[in-house]
Each structure stands twice: as C-alpha cells, then as structure tokens.
Amino acid sequence: QCLAFTQEHVDLLAVQYDAASNTLSLLASDDEHGALYASGECVVRCPESMKFSLPAGTPLGDEGDPMWILPQNPYEGAPYVGVSAEALAPGSFQDPISIQLLQVEGPGHFLLWQASGFGSLDVKMDSRDGIDAADRITPFVGAHEHYNWGFTTSGVYRAYFQASGRRPGQTTNLVSAITPFTFHVLPLSPFEVWTTTNWPCEIRPEIISPDADPDSDAAPNAFEYGVGTDPKTPNAE
C-alpha cells in the first residue's frame, strides 16, 4: 500500500525512539488519523497550484524563477508538512536532535527554510550548492515545527534524511537508518505518471528506471511504457 498525502497535516520527519532495541528512526506521522508510516509506505504530493514565481531579493533563487512550495503555514489544497520530535519523552535525549539531509534525487533542487514575521528567510537545507553538514535542522525534544519545502521544478523527488541524538550519560550518538522520503511535485511527466501508477512508493532503480526489467522478460520499462504492456507481468514470447 502507498498513502499519498495531499492535504493532510503530516509530520514527515517524525523522530521515534524504540527503547527495546535502543534505536532511532524517522517515520511519517499522520496527525489527523494518529497513524505512523514508514518512508516506503507514503508519498507527499505537491499540487501544481503551489507553483510560484520568486520575488527579487531572496536567497532562494533569481527573480521570476519558479518554485513549488509546500508552505510552513496551512494552505488549502496542499499538505501541511512538519517536523517532529514530540514522540521523544522529556529527558530521554540531550537537546537538540539533529536531522541531516544526505542526498536528493530528482529533476531539480530541494530547499527547506523558515520565514519570520518580518520577512527574513532562514534557509536550513539547499541542494543547489551541494549537500554537507550544514544541511540540517535541529528540533528540540518534544518539539514540533514547520518549514517551507521547496522544489525548483516538477517531477519525482526523493530526499534522504538521517536523525541522530545522544542519550543522557552517553558519549556517542544514536543514529537512525538513512531514510528516503518521496515527493510527487505536479505535474509529472508521462513516464513518471506511468511509473508512479505501477509502483507508487517504489524507490529502487532496478525496479523503476527506464532501462530496468523488473519482470525479467527482456523488455525494459521504457519499451513496456512505449507499447503499453504490463511491466509487472512477463510478456509472452
């Protein structure tokens, strides 16, 4: 199953701690329905209506550049995407927790920022200048916050994150698995529509890339897309 967040309030980067295994993880927390989803069980859909032209004088790009934005404030018809360390018990970790951006796959760039009431922009993550240790956010234990999630063009994106935190009295951090989250920034290309229809939450290139052959019938996805055959069922010879 693959759930598409289209207008819900979801904490896409919700830090979770399992005391039994002493592990951290990043899950998507659907606050409206009280459900948690692994990254491979959900996608966030950014509608075409959230395409904006940048004004002059911002650190986000040149005046007139397009930007698809999932805003830090609720916006009708778009998902309200947050970050949360609310599931961590007070005192369970030293403040703050760190969530690092490690990689971005997609047709454009990914940015994450907050806007203040005075018009200033605090950019936290920006793949345009490469990705390094500065591309991170630091939520406090028990905290919940929202950011603007920006994409420089439409298409399918996967952003890979990793959480880390230190337990009281410890000298090393607990580190989560590297966790990819998927965004469908509309409109998708015809091939992306075909791919996401057949494999809505799939991220493995050996399944979804144009030259992949997941049903092992010697017909790659690009061919099956072109002739309209089922890429999940071997074609008869």
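How many positive and how many negative side chains does the protein have, and how far apart do the centres of the two sets lie? There are 10 positive and 31 negative side chains, with the two centres 6 Å apart, where Lys and Arg count as positive and Asp and Glu as negative, while His and the chain ends are not counted; each charge is placed at NZ of Lys, CZ of Arg, CG of Asp or CD of Glu.

This is a predicted model, in which local features need pLDDT of at least 70 and side-chain atom pairs count only at pLDDT 80 or more, whereas totals for chains, interfaces and linings use all residues. Residues are numbered from 1 along each chain as its sequence is written, and side-chain values use heavy atoms, with hydrogens and water left out.

The secondary structure comprises 3 helices and 17 strands, which are DSSP runs numbered from the N terminus (helices are H or I with at least four residues, strands E with at least two). Of the 237 residues, 45% are buried, meaning that their relative accessible area is under 20% with a 1.4 Å probe, protein chains only.

Strand β2 (residues 9-18) pairs with strand β3 (residues 23-30) in the antiparallel sense over 7 bridges, and strands are said to pair if DSSP finds at least two bridges between them. In this pairing alanine 14 stands opposite leucine 27 of β3, and the hairpin has 4 residues between its strands, with asparagine 22 in the turn at a positive phi of about 55°.

β3 also pairs with strand β4 (residues 35-37), antiparallel over 3 bridges, and there leucine 36 in β4 is the bridge partner of serine 29. This hairpin has 4 residues between the strands, and glycine 34 takes a positive phi near 65°.

Key
Buried means under 20% relative accessible area, exposed over 50%, partly exposed in between (1.4 Å probe, protein chains only).
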